[in-house]
Amino acid sequence: LSIIQSDFEPIEVYVGEEDNLQAQLTVFLRAKFPDKKIDREVVLQNGGRVDIVIDDRFALELKVPTKRTDLRNLTAQLEEYLEEYDFLGIVIADVTEELEEKEKDSMTQNINEYVDKFKSKYGVQSVVLPIKFKGTRR
């Protein structure tokens, strides 16, 4: 996660398209760690999907939240993923600067609040990246 925090520089992300961020991060990780097995959209025993798995041991979940409920729903995902993976990390794209004024006020605060909650309640580390997005893809 520290390498993602320090070296990963994502380009624009489309709202509702975490797969764009997922693809960028996968390319980055494969280039940075060519000797590691890096898979996307790994299906869990319970039918859920984790965004990126490294060496069948380390799971990464990515989020591009635009409202508080996006972060709240992540809590349930974490609980499920922790049943199958010893290490789980979260990569959150903070698109607050691009949100409309009414949504902007508390989004960064919400992200920070949930990052703290994920750490204290589940022991899960998060990386928050400021990212520009382009609205919805046409």
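Me: Among contacts between residues at least 6 apart in sequence, what share join residues at least 24 apart in this protein?

Reply: That share is 62%, where a contact means heavy atoms within 4.5 Å. Keep in mind that this is a predicted model, in which local features need pLDDT of at least 70 and side-chain atom pairs count only at pLDDT 80 or more, while totals for chains, interfaces and linings use all residues. As for bookkeeping, residues are numbered from 1 along each chain as its sequence is written, and side-chain values use heavy atoms, with hydrogens and water left out.

Me: What makes up the protein, in helices and strands?

Reply: There are 4 helices and 5 strands, in the order α-α-β-β-β-α-β-α-β from the N terminus on.

Me: Okay, why is Ile-90 called buried?

Reply: Its relative accessible area is 0%. The cut-off for buried is under 20% (exposed is over 50%, partly exposed is in between, with a 1.4 Å probe and protein chains only), so Ile-90 qualifies as buried. Buried residues make up 43% of the 138 residues in the protein.

Me: Which residues does Ile-90 touch, not counting those up to four places away in sequence?

Reply: Ile-90, which is found in strand S4, touches Leu-1, Glu-61, Leu-74, Leu-78, Phe-118, Val-124, Gln-125, Ser-126 and Val-127. Take Phe-118: it is 28 residues from Ile-90 in sequence, with the two C-alpha atoms 9.0 Å apart in space.

Me: And what about Ser-126, why does that one count as buried?

Reply: Ser-126 comes out at 18% relative accessibility, so it counts as buried too. This serine is found in strand S5 and touches Ile-90, Val-115 and Phe-118, leaving out residues up to four places away in sequence.

Me: Why are Glu-41 and Asp-55 put in the class they're in?

Reply: Glu-41 has 32% relative accessibility, so it is partly exposed. Asp-55 has 27%, so it is partly exposed as well. Glu-41 is found in strand S1, whereas Asp-55 is in the loop between S2 and S3. Neither is a glycine, but Glu-41 has a positive phi of about 50° and Asp-55 has a positive phi near 50°.

Me: What makes up the largest nonpolar core?

Reply: A nonpolar core is a set of buried Ala, Val, Leu, Ile, Met, Phe, Trp, Tyr and Cys residues joined through side-chain atoms within 4.5 Å. The largest one here has 20 residues, and Val-50, Leu-78, Tyr-85, Ile-90 and Phe-118 have the most contacts inside it. Strand S2 (49–54), helix H3 (68–82), strand S4 (87–94) and helix H4 (101–122) each give it two or more residues. H4 gives the largest share, 6 residues. Apart from this core lies another, of 19 residues, including Phe-8, Ile-38, Leu-62 and Val-64.

Me: How do you know that S3 and S4 are joined?

Reply: Pairing takes at least two bridges found by DSSP, and 6 bridges join S3 (residues 58–63) to S4, so these parallel strands pass. One example is Ala-59, whose bridge partner in S4 is Leu-88. S1 and S2 run antiparallel and are joined by 5 bridges, with Asp-39 standing opposite Val-53. Their hairpin has 5 residues between the strands, and Gly-47 takes a positive phi near 95° there.

Me: Why are S1 and S5 said to stand at the edges?

Reply: The open sheet has the order S1-S2-S3-S4-S5, with mixed pairing. S1 (38–43) and S5 (125–130) each have a single partner strand, so one side of each lacks a neighbour in the sheet. From one strand to the next, the twist averages 30°.

Me: Which residues line the largest pocket?

Reply: The lining consists of Leu-1, Ser-2, Ile-3, Ile-4, Leu-29, Phe-33, Lys-36, Ile-54, Asp-55, Phe-58, Leu-60 and Phe-87. A pocket is an open set of points on a 1 Å grid over the protein atoms alone, where a 1.4 Å probe fits, with protein on both sides within 12 Å along at least five of seven lines; lining residues have an atom within 4 Å of a point. Helix H1 (2–7) and S3 each supply at least two lining residues, and H1 has the largest share, with 3.

Note on methods:
Axes fitted to C-alpha atoms, helices over the stretch in contact; angles between N-to-C directions.
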